[in-house]
Amino acid sequence: MSGGSGYYLLIHCGVRFATFDGQYWEAQSPVPSIPDYVTDPKTGVSTSRYAIAGHMVRLSSTKAQFTTTDPPAGLVVTFARTTASPQPCA
């Protein structure tokens, strides 16, 4: 298991793939709902976001785990290493 790393998980096409530690990873189901926008509590203005900040930790040679630090903080996504290349989204 390696230590947590500051990481931005791409969410603009849904959470399916990640590139981490020089390898491709595929999200395992179920993936928690991560909103693709954030709302400022003072102004009520919502802003779209391309990625969400958090920490990625390699659990083993084939498993990794991402935990959000941006709102909603504390959501966990587990990934399995894959040899498949992530497909671009539309």
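User: What does R49 touch, not counting residues up to four places away in sequence?
Analyst: R49 touches I11, I34, P35, D36, Y37, V38, D70, P71 and P72, leaving out residues up to four places away in sequence. Contact here means heavy atoms within 4.5 Å.

User: What kind of model is this?
Analyst: This is a predicted model, where local features need pLDDT of at least 70, side-chain atom pairs count only at pLDDT 80 or more, and totals for chains, interfaces and linings use all residues. Residues are numbered from 1 along each chain as its sequence is written, and side-chain values use heavy atoms, with hydrogens and water left out.

User: Where is R49 found?
Analyst: R49 is in the loop between strand 5 (46-48) and strand 6 (51-58). Strands (E, at least two residues) are DSSP runs, numbered from the N terminus.

User: And which side chain of opposite charge is nearest to R49?
Analyst: That is D70, 4.4 Å away. R49 is buried yet has no salt bridge. Buried means under 20% relative accessible area, exposed over 50%, and partly exposed in between (1.4 Å probe, protein chains only). A salt bridge needs a side-chain nitrogen of Lys or Arg within 4 Å of a carboxyl oxygen of Asp or Glu. For charge, Lys and Arg count as positive and Asp and Glu as negative; His and the chain ends are not counted.

User: Which backbone oxygens does the R49 side chain reach?
Analyst: The side chain of R49 reaches the backbone oxygen of P71 at 2.8 Å. It also reaches that of P35, at 3.1 Å. A polar contact is a pair of N or O atoms within 3.5 Å; within protein, one must be able to donate a hydrogen and the other to accept it, and residues adjacent in sequence count only if both atoms are side-chain atoms.

User: OK, salt bridges. How many are there?
Analyst: The count comes to 2 salt bridges. One joins the side chains of R16 and E26, at 3.2 Å, N to O. R16 lies in the loop between strand 1 and strand 2 and E26 in strand 3, so this pair ties together parts 10 residues apart in sequence.

User: What does D21 form a salt bridge with?
Analyst: With R58; the closest N and O atoms are 2.5 Å apart. The pair links distant parts of the chain: D21 is in the loop between strand 2 and strand 3, R58 is in strand 6, and they are 37 residues apart. R58 is buried, with a relative accessible area of 15%. The backbone oxygen of S61 lies 3.1 Å from a polar atom of the R58 side chain.

User: New topic. How many aromatic pairs does a search of the whole structure find?
Analyst: It finds 3 aromatic pairs. Y7 and F20 form an edge-to-face pair, 5.8 Å centre to centre with 90° between the planes. Rings of Phe, Tyr and Trp (its six-membered ring) pair if their centres lie within 6.5 Å; planes under 30 degrees apart count as stacked, over 60 as edge-to-face and the rest as tilted.

User: Where do Y7 and F20 sit in the chain?
Analyst: Y7 is in strand 1 (residues 5-10) and F20 in strand 2 (residues 17-20), 13 residues apart. Y7 counts as buried at 14% relative accessibility, and F20 counts as buried at 10%.
Analyst: Y7 also forms an edge-to-face pair with F66: 6.0 Å centre to centre, 65° between the planes. Y7 lies in strand 1 and F66 in strand 7 (residues 63-68), so the pair ties together parts that are 59 residues apart in sequence.

User: Which residues form the aromatic cluster?
Analyst: Y7, F20, W25 and F66 form one aromatic cluster. F66 counts as buried at 0% relative accessibility.

User: And in the largest nonpolar core, which residues touch the most other members?
Analyst: Of its 15 residues, these are Y7, L9, V15, A18, M56, F66 and F79. A nonpolar core is a set of buried Ala, Val, Leu, Ile, Met, Phe, Trp, Tyr and Cys residues joined through side-chain atoms within 4.5 Å.

User: Last one: where is Q28?
Analyst: Q28 is in the loop between strand 3 and strand 4 (37-39). Q28 and T78 are 50 residues apart in sequence and 5.7 Å apart in space, C-alpha to C-alpha.

How values were computed: Helices (H or I, at least four residues) and strands (E, at least two) are DSSP runs, numbered from the N terminus.
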